[in-house]
Amino acid sequence: MPSNWPQSDTAGGGAAAPRPWWLGGLVIALGCVCLYGAFSLPQAARYAGVGPGLFVTLVGSGLVLLGLLLLMQIAHGEKFVPQDTEDASGSDKADMTAFLTALAAAIVPVLTIEALGVPFTAMLSFTLVARAFGSRKTVIDVITGAILGSLAWLLFTQLGLQIGSFLPLAGI
Amino acid sequence: METFSLLLQGFEVALQPINLFWALVGSVLGTAIGILPGIGPALTIALLLPVTISVAPTSAFIMFAGVLYGAMYGGSTTSILINTPGEAGSMMTALEGNKMARAGRGASALATAAIGSFVAGTIATLALTFAAPAIAEIAFYFRPADYFALTVLAFTSMAVVMGASRVRGFISLFLGLALGLIGIDQMTGQARLTFGVPGLFDGMELAVVLVSLFAVGEILYVASRYRKNSSEIIPIRGQIWMSREDWKRSWKPWLRGASLGFPIGALPGGGSEIPTMLSYTLERKLTKHPEEFGKGAIEGVAGPEAANNAAAAGILIPLLTLGLPTSATAAVLLAAFQNYGLQPGPFLFSSNPQLVWGLIASLYVGNAMLLVLNLPLVGIWVRLLSIPAPQLYGGILVFATIGIWGVANSLVDVIAMVIIGVAGYVMRVYDFPIAPVLIGLILGPMAEQQLRTALAAGQGNPIMLVSTPLSVIFLAIAALFLLAPLLLRRLRANA
């Protein structure tokens, strides 16, 4: 992820940055990753004329081409208007603290779900999201998150879904 | 006649107590998520996918159909009572419906929306009952080249119609196609785009991508631009549901809305936005009370609501008969079929008549159930809106995480959730449509397989791709989709 994007976002003051060159660059880079992956695959197979690499090459080339088109549009001053949704207005200025708090909530499971299990992870994620949305009743959120996580764990385990033990680290 | 007896058998399946129970669960859940912000039918079905482990396929699809229809009913309630359309299809309803509610006619608006949804849903289900087997018959004759051309048509129409810009629509589509390529190639067994990560050998699950884009992406976006909804719920206590005059002014828009919604919903890229807008425009033109439009005209609620529900039934046509999803919700339904090892398409009608006809019959049952659930109980439903946003979105992330972790207990999936979630945020900020990613992901492998089978039949000669009349027609329409906006612009410039 290019380092300048959150800043450009905030600097735009609601509307996205006027010239997000990095966006076109990112699409081209993703296309190149596909082409690099296709490089090691056979493009043609004897029986079919089409090997497992051809489609990858096509998709990679498509992304590179589209990235270039996007860059051209950006050069011509293409406007990017943030979407309006039910609880958010695209024209509002982005609150990066709230964004990063919510992002932390999404990253928590990567660090904890294997060792500490679903209920504990749910408790942390729930509290962080609630905070990102302006809740300051942290103790109540921690308790609500723990109850919700435990109930959800119980429900899904009863349904036959494998989601690990209650608190793996403690062996429960 | 055969259709009738098959439908009757379908009712035997749908009316079994266990299936009625699942239809009720689906309808209740659907209505609830239609009312709640931040969660739509596609995400709900994706989160419910784990139940496919323990529930029989027929029951699961009956529940999913309830979610799909229920979300439409729920969406209209919030549009009318607090002017927040939960999804694109309810935007037109909010326009007139909320004005009606403000003028003390909220109950009439809710009633015409619910009864109109019921009428249109039933008409569309009738159309589905008769059209689906006929289309499935035709699809029997499809060759790989035809299927490939059809997927190209679906891709093009989806990328062009959805979103503000064609380039961004296609970028979304190609991102989905690229994600669909990750994993072991089905035809040769070679690993592709896995870069040595064993967790990627099984490929990217649609549920993981969908939940990340719709739940995590949405939470990040709304958190960064959260605006507390201050709109009050307009009370409707003591009002009459529908007067004689209301009935008189509603029935024609219901029928017109249904006839617009169903065929457009069945087209790739048709969705519910276009038919509801067309229906609104049409009713505005035909009305005897043009002065009321913009101030709360009942026709402006009746028509679009009917069109919205009919379009929801329309998406089932290409899905059931051709295995072709035309919206995010249809894509996740296709994933559910695949979970059971079933492939929707013409063969499903002969190999699994119980499931197909049970599902179609349950749409009639679900519609009736939703009418009963929604009108008298509307007061209970709107109470859901009192769940505060911080806790609501917190809960959505908890269920999203469990949904993703439950797919395969894989940390790679959880890492993908963060990366794709951030991508979902960026897509919302820079206005990229999201549905094409899912269509590319689920249809990409299908398109590739048909391409390779078609080419193998002709020893690699690309002329095979245009060797049948149907494939030529599909590809020509796809080209038209791509070029029409350019041509129109040229014509306008010359005019």
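What follows is a short exchange on helix packing and salt bridges in this predicted model.

Colleague: Why are α6(B) and α20(B) called roughly parallel?

Modeller: Helix α6 (residues 144–161) of chain B and helix α20 (residues 469–494) of chain B pack at an angle of about 15°. Angles under 35 degrees count as roughly parallel. Therefore α6(B) is roughly parallel to α20(B). Their axes are 8 Å apart, and the crossing is left-handed.

Colleague: Which residues make the contact between α6(B) and α20(B)?

Modeller: From α6(B), they include B:A149, B:L153 and B:V160. From α20(B), they include B:F474, B:I477 and B:F481. By class, the contact has 15 nonpolar, three polar and one charged residues.

Colleague: On to charges. What makes B:D246 and B:R105 a salt bridge?

Modeller: The distance between their side chains is 2.9 Å, N to O. The cut-off is within 4 Å, so the pair qualifies. B:D246 lies in helix α9 (residues 244–266) of chain B and B:R105 in helix α5 (residues 91–139) of chain B, so the bridge ties together parts 141 residues apart in sequence.

Colleague: How do you know whether B:D246 is buried or exposed?

Modeller: B:D246 has 4% relative accessibility. Buried means under 20%, so B:D246 counts as buried. B:R105 is at 26%.

Colleague: What makes the pairing of B:E448 with B:R192 a salt bridge?

Modeller: Their N to O distance is 2.7 Å. That is within 4 Å, so the label holds. B:E448 sits in helix α19 (residues 435–457) of chain B and B:R192 in strand β2 (residues 191–192) of chain B, so parts 256 residues apart in sequence are tied together. B:E448 is buried at 5% relative accessible area, and B:R192 is buried at 4%. Both residues also belong to a network of salt bridges with B:D185 and B:R452.

Colleague: Why is B:E218 called buried?

Modeller: Its relative accessible area is 11%. The limit is under 20%, so B:E218 is buried. B:E218 forms a salt bridge with B:R428, the closest N and O atoms being 3.1 Å apart. B:R428 lies in helix α18 (residues 411–429) of chain B and B:E218 in helix α8 (residues 206–224) of chain B, so this pair ties together parts 210 residues apart in sequence. B:R428 is buried too, at 3%.

Technical notes. Residues are numbered from 1 along each chain as its sequence is written. Chains are lettered from A and ligands numbered from 1 in the order in which they are written. This is a predicted model: local features need pLDDT of at least 70, side-chain atom pairs count only at pLDDT 80 or more; totals for chains, interfaces and linings use all residues. Side-chain values use heavy atoms; hydrogens and water are left out. Axes are lines fitted to C-alpha atoms, for helices over the stretch in contact, and angles run from 0 to 180 degrees between N-to-C directions. Helices (H or I, at least four residues) and strands (E, at least two) are DSSP runs, numbered from the N terminus. Angles under 35 degrees count as roughly parallel, over 145 as roughly antiparallel, 65 to 115 as roughly perpendicular and the rest as oblique. A crossing is left-handed if the near helix is turned anticlockwise from the far one by less than a right angle, and right-handed if clockwise. Contact means heavy atoms within 4.5 Å. Ala, Val, Leu, Ile, Met, Phe, Trp, Tyr, Cys and Pro count as nonpolar, Asp, Glu, Lys and Arg as charged, and the others, Gly among them, as polar. Buried means under 20% relative accessible area, exposed over 50%, partly exposed in between (1.4 Å probe, protein chains only).
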